[in-house]
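Welcome to a short walk through one protein chain. Have the sequence and the 3D view at hand, and follow along section by section.

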Amino acid sequence: MTYLKNIGAYFLMTAEMFRKPTKWSVMKQLILKDIDDLIIGSLGIVSFIAFFVGGVVTIQTALNIDSPLIPKYLVGFATRQSVILEFAPTFISIIMAGKVGSFITSSIGTMRVTEQIDALEVMGINSLNYLVFPKFIALLLYPFVISIAMFLGILGGMAACVYGGYSTLADYVTGIQTDFETFHIIYAFIKTFVFAIILATIPSYYGYYMKGGALEVGKASTTSFVWTSVVIILLNYLLTDMMLG
């Protein structure tokens, strides 16, 4: 019953977020601040992880292709498929659940603990629209982060392939271009949009409805990370089955 209550409260929160909007002059500043905190602030860690994990995927693929009958361009092909289909949209989203999700939960939770949310309500402001909606809009730019992760993952694979001597640049580029399907990019970005909504709302839910003090803020951040990751993995399975199955 607790799970059903939480699910119901989550959807009610999501609906309430769109009611009684804050005036645009204030909302614009909130959105720009959240874009800077959630999107721009995440580019560094995402770029670093994407580049080197792309290199690791390439190295592991090349080391497992030890038959002379298997063409070397399959290294580039396997790297492209791994990065675009799963690594960039899903793996990066789970990392972002830790970075962005914990930030959202702790910031809103701290406002709950210090009674700032109560003050907003007293002033007649829809606190959910004021606090959660800007994060929701900011994370709609999340596909931009994932597109950079895709590019750098493939670039990191190319660097590892060429400088590690696993294949030639021409073979790697041929592999990237082989049997390319535009729908795979569409599929990846549809997943990314869904994950962006999850990243904005589930951490906000745990921060907004938490009770207690500073210790409970930390617990709420941990819980939000766990459930955000679980929902991302479940939705990843469902979306993959529906769109590629």
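Predicted model: local features only at pLDDT ≥ 70, side-chain atom pairs only at ≥ 80, totals over all residues.

## Starting with one span

UniProt, in an unreviewed entry, gives the feature "transmembrane region" at residues 38-63, 83-104, 136-165, 185-208 and 220-239. Such annotations may be inferred rather than shown by experiment. Of these, residues 185-208 are 100% helix and 0% strand in the model, and their end C-alpha atoms lie 35 Å apart.

## The chain as a whole

The C-alpha trace spans about 70 × 40 × 35 Å along its principal axes. Of the contacts between residues at least 6 apart in sequence, 86% join residues at least 24 apart.

Buried residues account for 43% of the 245 residues. The chain exposes about 12400 Å², and 71% of that area is supplied by carbon and sulfur atoms.

## Inside: the nonpolar core

The largest nonpolar core holds 54 residues, and I92, L139 and Y142 have the most contacts inside it. Helix 4 (residues 74-113) gives this core its largest share, with twelve residues.

Leaving aside residues up to four places away in sequence, Y142 touches I39, P89, I92, S93, M96, T192, A196 and L199.

## Outside: a nonpolar patch

On the surface, Y3, L4, I7, F11, F225, V226, W227, V230 and L234 form a nonpolar patch, with about 900 Å² of accessible area together. Helix 1 (2-16) and helix 11 (214-244) each supply at least two of the patch residues, and the largest share, five residues, comes from helix 11.

V230 is a member of this patch and sits in helix 11. Its relative accessible area is 32%, so V230 is partly exposed. Elsewhere, I45 in helix 3 (residues 43-64) is also partly exposed, at 36% relative accessible area. I45 and S167 are 122 residues apart in sequence, and their C-alpha atoms are 28 Å apart in space.

## Salt bridges

The whole structure contains five salt bridges. One of them joins D37 and K33, whose closest N and O atoms are 2.8 Å apart. Both residues lie in helix 2 (residues 24-39), four residues apart, or about one turn of the helix. D37 is partly exposed, with a relative accessible area of 24%.

Another salt bridge brings together the side chains of E86 and K191, at 3.0 Å from N to O. E86 belongs to helix 4 and K191 to helix 10 (residues 182-208), so this pair ties together parts that are 105 residues apart in sequence.

Definitions and conventions
Residues numbered from 1 in each chain as written. Heavy atoms only, no water. Patch = residues over 30% accessible without salt bridge, like charges linked within 9 Å, V, L, I, M, F, W, Y side chains within 5 Å. Areas by Shrake-Rupley, 256 points an atom, 1.4 Å probe, with all protein chains shown as cover. Salt bridge = Lys/Arg side-chain N within 4 Å of Asp/Glu carboxyl O. Buried < 20%, exposed > 50% of the residue type's maximum accessible area, 1.4 Å probe, protein only. Core = buried A, V, L, I, M, F, W, Y, C linked by side-chain atoms within 4.5 Å. Contact = heavy atoms within 4.5 Å.
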